[in-house]
Amino acid sequence: MQLTVLLIILALLTVIGYQMGRSRAVASVGGRIVELHSVPSYHGFYVALWAGLPALLLFAFWGASEGWLVMQMVLSGLPDRLVNGDAQSLGLLRADILNLAHGVTTGREPDPEVVAAAERYLRLHALGDWSLLVIGCCIAIGGLLYARGRIDPDLRARNRVERTVNIALVICSLVAILTTIGIVLSLLFEAIRFFAVVNPLEFLFGTHWSPQMAMRADQVGSSGSFGAIPLFAGTLLITGIAMAVAVPVGLMAAIFMSEYASPGLRTWLKPILEVLAGIPTVVYGFFAALTMAPFVRDVGNSLGLSVSSESALAAGFVMGVMIIPFVSSLSDDVINAVPQSLRDGSYGLGATKSETIRLVVLPAALPGIVAAIMLAVSRAIGETMIVTMAAGLTANLTANPLDAVTTVTTQIATLLVGDQEFDSPKTLSAFGLGLVLFVVTLTLNMVALRVVQKYREKYD
């Protein structure tokens with residue numbers, strides 16, 4: 001609660017600082033003919049930044065380090081018999097303290113020293129929050145008064161405000177870049193650990209996937225089988241089925257809405273299509289498992305075909321329906337962005353509407369359409385829930401859409417569910433699959449970029 005109160009107070013002081021800065025800037029001129037270096041609003045922003053930014057930085061620092069600092073203070077007061085164990089026992093001790101502090105039972109009789117430590121943790125936590133509230137308010141008020149006292153006609157408020165905003169934008173950009181680098185490096189390091197145990201050639205070209213590690217050395221397949229070709233084949237099969245549904249339907253819907261539908265009809269159709277993008281994937285999974293899969297099985301049986309209860313066709317079809325809005329909405333925007341002068345010139349040369357769409361509009365909109373399709377492909381490759389519920393978890397190497405298959409993302413989710421040991425090849429194989437998926441997605445994006453650059457049309 002204290003932290004919420006502090007944020008509210010900071011917001012109020014920031015608004016007050018803005019108003020005070022503007023008023024102070026106007027008052028500093030008075031009736032004199034003096035030209036302000038910056039308009040009064042920049043003086044208001046200058047005071048508001050001094051009122052809110054230092055206290056907000058303190059709040060961010062305390063939020064990031066509070067748990068560690070309080071826990072270290074609590075552990076320093078415990079007897080040596082509790083804190084002198086190995087890293088695993090120390091981690092269990094921390095978990096017990098946190099569980100007791102938050103009222104979660106541990107399932108066993110807690111040590112009285114641990115109970116006292118949990119109570120001390122709560123006291124220190126509350127004391128830290130109250131201290132943060134008081135210190136943060138003092139810093140905010142002090143910054144407000146300091147900045148207000150510096151208001152002067154010659155103050156370069158605009159330069160300082162814009163410099164602060166530029167620094168904030170650079171920091172945000174660095175956070176995004178460093179986060180991406182961190183994700184790639186963490187994926188790469190864990191994948192290297194996996195490939196140190198499993199031969200990369202076996203992983204990339206093996207045809208049998210069974211990562212389950214046996215409990216005893218005499219069991220069959222105790223070393224596991226990590227041939228990922230069945231997973232790649234299943235991913236490509238389901239993605240291909242989904243694209244076969246989404247691309248024609250989505251593109252035709254975009255052409256109809258942009259070229260043939262009246263403005264009133266388009267106003268109704270586009271939101272209805274975009275509703276499909278807002279439906280949770282688990283709902284699509286239910287539909288695929290309970291409706292589409294039995295329908296495909298019944299139709300196949302009536303035709304004398306052998307259809308699995310969980311099939312790639314059912315999962316791919318429902319996934320394609322889910323992806324239709326990605327293709328239709330983006331393609332519609334791109335087609336509408338084609339200059340009307342191109343259409344008028346085509347009509348002036350005697351072309352029909354369909355010829356204009358096929359020979360003028362679609363080539364002009366090709367880069368955007370390719371981008372929409374690539375976005376849809378990336379969405380299909382990364383889908384997990386529909387495949388898990390409708391296509392199963394069986395790693396079959398098959399091109400038959402009526403068989404049960406699985407995908408890379410589904411196996412990654414399966415391997416990392418529950419309490420796992422991250423020194424086991426079974427768990428580390430998820431990072432190997434993730435690295436391959438990252439490389440494939442990056443390659444697809446580069447190919448799409450090359451296509452866009454090659455076929456881009458430029459207009460005056």
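Trainee: With a relative accessibility of 10%, does Glu 259 count as buried or exposed?
Mentor: This is a predicted model, and Glu 259 is placed by it in helix α8. The cut-off for the buried class is under 20% relative accessible area, and because Glu 259 has a relative accessibility of 10%, the class that applies to Glu 259 is buried.

Trainee: Which residues does Glu 259 touch, if residues up to four places away in sequence are not counted?
Mentor: A contact here needs heavy atoms within 4.5 Å, and residues up to four places away in sequence are set aside. What remains for Glu 259 is a list of Ile 335, Arg 343, Lys 353, Ile 357 and Val 361.

Trainee: How many residues apart in sequence are the parts that Glu 259 and Arg 343 tie together?
Mentor: The side chains of Glu 259 and Arg 343 meet in a salt bridge, with 2.7 Å from N to O. Glu 259 belongs to helix α8 (residues 229-260) and Arg 343 to helix α12 (residues 340-348), so the parts tied together by this pair have a sequence separation of 84 residues.

Trainee: At roughly what angle do the axes of α12 and helix α13 cross?
Mentor: Helix α13 covers residues 353-381, and its axis and that of α12 come within 10 Å. The crossing of α12 past α13 is right-handed. The contact is made by Leu 342, Arg 343, Ser 346 and Tyr 347 on the α12 side and by Lys 353, Thr 356, Val 360, Val 361 and Ala 364 on the α13 side, with 5 nonpolar, 2 polar and 2 charged residues by class. As for the angle at which the two axes cross, the value is roughly 140°.

Trainee: How far apart in space are Ile 272 and Pro 325, C-alpha to C-alpha?
Mentor: Ile 272 is also found in helix α9, where it is exposed, with a relative accessible area of 53%. In sequence, Ile 272 and Pro 325 are 53 residues apart, while from C-alpha to C-alpha the distance in space is 9.4 Å.

Trainee: Why are Glu 190 and Arg 193 separated by about one helical turn?
Mentor: Glu 190 and Arg 193 form a salt bridge in which the closest N and O atoms are 3.1 Å apart. Arg 193 is partly exposed, with a relative accessible area of 37%. The separation is about one helical turn because, within helix α6, Glu 190 and Arg 193 are 3 residues apart.

Trainee: How are α2 and α6 oriented to each other?
Mentor: The axes of helix α2 (residues 40-76) and helix α6 (residues 157-197) come within 8 Å and cross at roughly 45°, and α2 passes α6 in a left-handed crossing. Residues that meet there include Tyr 42, Phe 45 and Leu 49 in α2 and Arg 158, Val 161 and Glu 162 in α6; the contact as a whole divides into 7 nonpolar, 2 polar and 3 charged residues. Angles from 65 to 115 degrees count as roughly perpendicular and those under 35 as roughly parallel, and the orientation of α2 and α6 is therefore oblique.

Trainee: How many salt bridges does a search of the whole structure find?
Mentor: The pairs discussed above include Glu 259 with Arg 343 and Glu 190 with Arg 193. For the whole structure, the search gives a count of 7.

Terms used: Residues numbered from 1 in each chain as written. Predicted model: local features only at pLDDT ≥ 70, side-chain atom pairs only at ≥ 80, totals over all residues. Heavy atoms only, no water. Axes fitted to C-alpha atoms, helices over the stretch in contact; angles between N-to-C directions. Helix = DSSP H or I, 4+ residues; strand = E, 2+ residues; numbered from the N terminus. Parallel < 35°, antiparallel > 145°, perpendicular 65-115°, else oblique. Left-handed = near helix turned anticlockwise from the far one by under 90°. Nonpolar A, V, L, I, M, F, W, Y, C, P; charged D, E, K, R; others polar. Salt bridge = Lys/Arg side-chain N within 4 Å of Asp/Glu carboxyl O. Buried < 20%, exposed > 50% of the residue type's maximum accessible area, 1.4 Å probe, protein only.
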